[in-house]
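The following exercises concern the fold of one protein chain. Please study the sequence and the structure before reading each solution.

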Amino acid sequence: MSKAIGMVEYKTVSAGVVAADAMVKTSAVTIIEAQTVCPGKYIVIISGDLSAVNAAVEVSRTVYGKHLINSFILGNPHESIFPAIYGTTGIEAVSALGIMETYDATSIIVAADEAAKTAIVDLIELRIARGMCGKSYLMLTGEIAAVEAAIERAKSAAAVEGMYLDSSVIAHPDEQIRRAIL
């Protein structure tokens with residue numbers, strides 16, 4: 001069985017907490033994050049074996065679907081996803097900088113996974129709807145061509161659900177910007 005990550009995003013806190021409880025009672029998954037995010041939504045991110053994550057997310061979708069905004073399951077997520085979510089990425093230098101924003105919380109993780117698997121880039125941060133009125137963003141770095149390819153792929157992934165908002169690539173960000181994001 002492979003490592004997987006899954007996420008659900010709910011319109012209400014009460015539905016999200018009840019769904020999170022059902023998810024962990026359904027199968028052997030670990031909650032990575034379960035919290036209220038702007039504007040009063042609730043997200044639950046879990047990890048575990050693919051079959052366990054599938055079962056947990058499916059229970060959430062089926063039983064508590066009335067208030068569900070979106071969800072996903074990623075089998076074999078890129079290893080840089082977890083440090084980027086936790087804000088513990090150990091990036092030493094920034095060559096080119098890519099930034100992409102989405103309208104929701106779930107699509108940013110799928111977009112980041114696609115970006116990281118498309119080109120040789122390092123995810124710097126995944127900001128998931130905290131303090132952003134429900135929007136999310138990712139930042140990544142690498143050589144300019146790799147960053148451009150990764151951002152294009154991330155845009156395509158977010159656009160599938162209509163959640164793509166904006167993106168930019170800076171070829172050589174100023175030292176002050178590099179210090180600010182690291």
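**Exercise 1.** Determine what share of the contacts in the chain with a separation of 6 or more comes from residues 24 or more positions apart.

*Solution.* A contact means heavy atoms within 4.5 Å. Among the contacts with a separation of 6 or more, 76% join residues 24 or more positions apart.

The model is predicted: local features need pLDDT of at least 70, side-chain atom pairs count only at pLDDT 80 or more, and totals for chains, interfaces and linings use all residues. Residues are numbered from 1 along each chain as its sequence is written, and side-chain values use heavy atoms, with hydrogens and water left out.

**Exercise 2.** Explain why strand S7 is described as largely enclosed by the rest of the structure.

*Solution.* Step one: strands are DSSP runs of E with at least two residues, numbered from the N terminus. S7 covers residues 136-142.

Step two: buried means under 20% relative accessible area (1.4 Å probe, protein chains only). Seven of the seven residues of S7 are buried, so the strand is largely enclosed by the rest of the structure.

Step three: in a regular strand the side chains alternate between the two faces of the sheet. In S7, Ser-136, Leu-138, Leu-140 and Gly-142 point one way, Tyr-137, Met-139 and Thr-141 point the other way, and all are buried.

**Exercise 3.** Identify which strands pair with S7.

*Solution.* Two strands pair if DSSP finds at least two bridges between them. Strand S5 (residues 96-102) pairs with S7 in the antiparallel sense over seven bridges; Thr-102 has Ser-136 as its bridge partner there. Strand S6 (residues 121-128) also runs antiparallel to S7, joined by seven bridges, and Ile-128 has Ser-136 as its partner in S7.

Terms used. Buried < 20%, exposed > 50% of the residue type's maximum accessible area, 1.4 Å probe, protein only. Helix = DSSP H or I, 4+ residues; strand = E, 2+ residues; numbered from the N terminus.
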